[in-house]
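User: I would like to go through a model with you, ligand surroundings to begin with and then some of the fold. Shall we start?

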Amino acid sequence: MQVESGGAARVTVVDHPLVQHKLTMMRDGERSTKGFRELLNEIGMLLAYEVTRDLPLEPVTIQTPLQPMEGRRIAGKKLVLAPILRAGVGFLDGMLSLMPSARVAHIGLYRDPDTLQAVEYYFKSPSDLADRTVLVLDPMLATANSAVAAVERLKSRGAKDLRFVCLLAAPEGIARFQEAHPDVPVWTAAIDSHLNDHGYIVPGLGDAGDRMYGTR
Ligand code: PRP
Ligand code: URA
C-alpha cells in the first residue's frame, strides 16, 4: 500500500498478511526475547522481498536439461545492507539469506535519552557506495534522528541510491525523514499513532534493541 507523500519519495506500507500477523506477535509485551528475535528475522526476509520488487532484470541464456532458454537475472547495481546498531541487526540474517552476496555496512548510533539526538559510535562501510544500492535497516523510525543521521553519513561516503526499511514508523518520523531526505523511499510494516513524551512510538512495541537482546 502506497501512502501519500507529497513531493518526497514514496512510503510503502507492507500490509501482507504474514507481515501483519508476525508484527502483532512482536508487539505483544509477553513475547520472549527468543521469539521477538526470530520474528524480526522472519519479517526482515518478507520486507526484503518487497523492497527489492523493482530491481531491474536482464536476460541470460541458460541450458535446462531439455533445451536452451532465455531466463532473467538481477542486473544493475549491487546491494549493500546497512543496519543501524543495535536493533537493525535483527533484520540482517533474514535479508542476507535472500541476498547472500550483499555487502554489509554497520552504522553504530544510539539515541541520547534526554535530547533524543543520535550519537555515532561506529561506522564501517564498503568504499564503493556510489556504485551500489544501499538498504538502510532499522526496525524503528521514531523521531527519525537516527535514520536521518545514518543516511547523511552514508551519503557523505558517496551513497546516492538509498532505501530505508523499518518495521514501525511514527507519522512525526516519516515527516522529518522526508524533509531531510526526500530522495529516499521508505518501506514499513505499519505507521503507528504518535510519539509519546519520551520519543517512543505509540502503541509501538517498546525498545526494539532491549527486546531483541534481553537488556534493559
Ligand atoms: C532505537 C532504534 C532506532 C532509534 C529510533 O535505537 O533501534 O535506532 O532508537 O529512534 P529515533 O527515530 O528517535 O532516532 P536506540 O538508540 O535505542 O539504540 P539500540 O538499538 O542500541 O537499542
Ligand atoms: N526506539 C525504540 O526502540 N522504540 C521506540 O518506540 C522508539 C525508539
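**Ligand shells and local fold**

Analyst: By class, the shell around ligand 2 has 5 nonpolar, 3 polar and 1 charged residues; Ala, Val, Leu, Ile, Met, Phe, Trp, Tyr, Cys and Pro count as nonpolar, Asp, Glu, Lys and Arg as charged, and the others, Gly among them, as polar. This is a predicted model, in which local features need pLDDT of at least 70 and side-chain atom pairs count only at pLDDT 80 or more, while totals for chains, interfaces and linings use all residues. Residues are numbered from 1 along each chain as its sequence is written, and chains are lettered from A and ligands numbered from 1 in the order in which they are written.

User: Which residues are around ligand 2?

Analyst: They are M140, A142, G199, Y200, I201, G204, D207, A208 and G209, where near means a C-beta atom, placed from the backbone, within 6 Å of the molecule.

User: And which come nearest to ligand 1?

Analyst: R111, A142, T143, S146 and G209, out of 23 residues around ligand 1. Helix α4 gives the largest share of that shell, 3 residues; helices (H or I, at least four residues) and strands (E, at least two) are DSSP runs, numbered from the N terminus.

User: Changing topic, what is the strand order in the open sheet?

Analyst: The order is β10-β12-β14, with parallel pairing; two strands pair if DSSP finds at least two bridges between them. β10 and β14 stand at the edges with a single partner strand each, so one side of each has no neighbour in the sheet.

User: How many bridges join β12 to β14?

Analyst: There are 2, and L168 has A190 in β14 as its bridge partner.
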